[in-house]
Amino acid sequence: MLELHCHTTFSDGTLTPQQLVERAATKGVKALAITDHDTISGWHEARTAAQSHGLEIVPGIELSTVYNERSMHILGFYPDPQKLKAPLKERIQGRHRRAQKMVDKLGELGYPIELPSMPGTMAPGRPHIAKALLAAGHVTSQQEAFQRFIGDHGPAYVPYEKFTAQEGIALLKRCGAVPVWAHPYLFRGGIVEEVLPELVEAGLMGVEVYHPQHSISEERVLEELCDQYGLLMTGGSDYHGPQPKPKAGDVDLNGLQLSLELLDSVKQAATGLQGKG
Ligand code: AMP
Ligand code: ZN
Ligand code: FE
Ligand code: FE
């Protein structure tokens, strides 16, 4: 019913916004958030496609930030696109610079690749590098590309340009967006119970409790933490399109069967923020 975490071809998803909307409609999704990495360029096409399917598009983003020197993703729902435009341009340019650095490192290691040319509205990510490694015949799967080269400790890995989680949360709030910590149990830079209070201090308003890579018991812990800190709860399949070789735990659109009611509190929080701004 509700799907609050998806990627399109504007970042590292494999479906265009239109294809994503069509698939979501057939899977029974009624409200679909577009949360590409560091770009909101997919919203427009998604909204146009959604009109003929009676589907509601929730405008969103997944910001790439750094916390304790590790990558941390912060979802933002209902940002004002005009306010977010300039800061995002800088983030996307940073992703282009980072992708080029990874290409250069791979070349130095003896694994030259060519990235498809990507316009400035699209945000390149490691999956694009993995695909290029596969296309060049240096690996036999994208998974192998992560394992040998571009995983967090890989020889060709390049971190995001510096942008702290606190800065990301503040930016989202300035732009009227509800900041939500994406997939806390995929974070590798600290213990959830210790990191969360610091994010709350920085203005975090919600937690992505329901995610395919969270276990049931992790979801229970997150629900309790949300109660404790007065945070709203979201969830989504983190869908990147049909995968040639699915990872353990990958689910399809609407795979989590989330209630539309979760969206009400996100909307209320956004309205509250925008009233203040
Ligand atoms: P980036 O933000 O450019 O560092 O890329 C992060 C994205 O890469 C995630 O959203 C996943 O889609 C993908 N990813 C991260 N780690 C792996 C992995 N070990 N295997 C396959 N895909 C991965
Ligand atoms: Zn991704
Ligand atoms: Fe993420
Ligand atoms: Fe994601």
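Donors are taken here as N, O and S atoms within 2.8 Å of the metal, and because water is not among the atoms, sites may look incomplete. With that reading, and bearing in mind that this is a predicted model, the iron ion (ligand 3) is coordinated by Glu62 through OE, by His73 through ND1 and by His183 through NE2, at 2.1 to 2.2 Å. Along the sequence these donor residues of the iron ion (ligand 3) follow the spacing E-x10-H-x109-H. Glu62 belongs to strand β3 (residues 56-67) and His73 to strand β4 (residues 70-77), 11 residues apart, and both Glu62 and His73 are buried. The zinc ion (ligand 2) lies 5.6 Å from the iron ion (ligand 3).

The other site described here is that of ligand 1, which is surrounded by residues including Asp12, Arg95, Arg98, Tyr160 and Lys247.

Taken alone, ligand 1 exposes 500 Å², of which the protein buries 78%. The space that ligand 1 takes is the largest pocket, and the elements giving two or more residues to the shell around ligand 1 are α3 (81-108), α4 (126-135) and α5 (142-150).

Notes
Residues numbered from 1 in each chain as written. Chains lettered and ligands numbered in written order. Predicted model: local features only at pLDDT ≥ 70, side-chain atom pairs only at ≥ 80, totals over all residues. Heavy atoms only, no water. Donors = N, O, S within 2.8 Å, 3.2 Å for Na, K, Ca; no water. Helix = DSSP H or I, 4+ residues; strand = E, 2+ residues; numbered from the N terminus. Buried < 20%, exposed > 50% of the residue type's maximum accessible area, 1.4 Å probe, protein only. Near = heavy atom within 4 Å. Areas by Shrake-Rupley, 256 points an atom, 1.4 Å probe, with all protein chains shown as cover. 1 Å grid on protein atoms, 1.4 Å probe; cavity = no way out; pocket = protein on both sides within 12 Å on 5 of 7 lines; lining within 4 Å. Sits in = over half its atoms within 2 Å of the grid points.
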